[in-house]
Amino acid sequence: MKYLIVGLGNPGYEYDGTRHNIGFRVVDKLAKDANATWEDKRYGFLANMRVKNAQITLLKPTTFMNLSGNAVRYWLEKENIPNENLLIIVDDLSLPVGALRLRGKGSDGGHNGLKHIAQLIGQDYARLKFGIGNDFPRGAQADFVLGKFSAEDEDIITKQLPTACDIAKSFCLAGLTITMNQFNKKG
């Protein structure tokens, strides 16, 4: 089975380590752990890895967040991967720092990357939401998501990266429902 795992973020050194680029960090860890090499391809950086019988293409779009759908649609079509085998990893303001939630579909929740993806392929695809918190004053959302984590929050994020990778791998091996039941914490 073939899967596409997309970590959302913005390309460029100035965005490294920002809250909005948490998706890039998760797929970077997946690639590193699998000794996979990134290649500069159309609309993004790609790496290929295997987990048991799952053939996984990792993608870091270079389209910038607000046009992420271009990269997602292109690579789904090019690799002939159905939407049910797509996992988008994305930052989420509505979750506490480090909280992880896997969903099978849903709204974009105001996230511009998810909004553009939904415009091009619909809303029926899995997404792993990685909590970045929402400790910012009114009107400062853009500065917050494009800012860096505090040292305390960075520690939480670093500890959660392996779990996010486990969720992505489980999605490919066990499927959405089993993975949601195993990893989504109640409360």
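**View 1. Asparagine 21 is buried in the predicted model.** Its relative accessible area is 2%; buried means under 20%, exposed over 50%, and partly exposed in between (1.4 Å probe, protein chains only). Asparagine 21 sits in the loop between β1 (2–7) and α1 (22–33). Helices (H or I, at least four residues) and strands (E, at least two) are DSSP runs, numbered from the N terminus. This is a predicted model: local features need pLDDT of at least 70, side-chain atom pairs count only at pLDDT 80 or more, and totals for chains, interfaces and linings use all residues. Residues are numbered from 1 along each chain as its sequence is written, and side-chain values use heavy atoms, without hydrogens and water.

**View 2. Contacts of asparagine 21.** Neighbours within four places in sequence are left aside. Asparagine 21 then touches Leu8, Gly9, Asn10, Tyr15 and Asp16. Contact means heavy atoms within 4.5 Å.

**View 3. The fold around the site.** The protein has 6 helices and 7 strands. From the N terminus, the order is β-α-β-β-β-α-β-β-α-β-α-α-α. Of the contacts with a separation of 6 or more, 69% join residues 24 or more positions apart.

**View 4. Packing and extent.** Of the 187 residues, 50% count as buried. The C-alpha trace spans about 45 × 35 × 30 Å along its principal axes.
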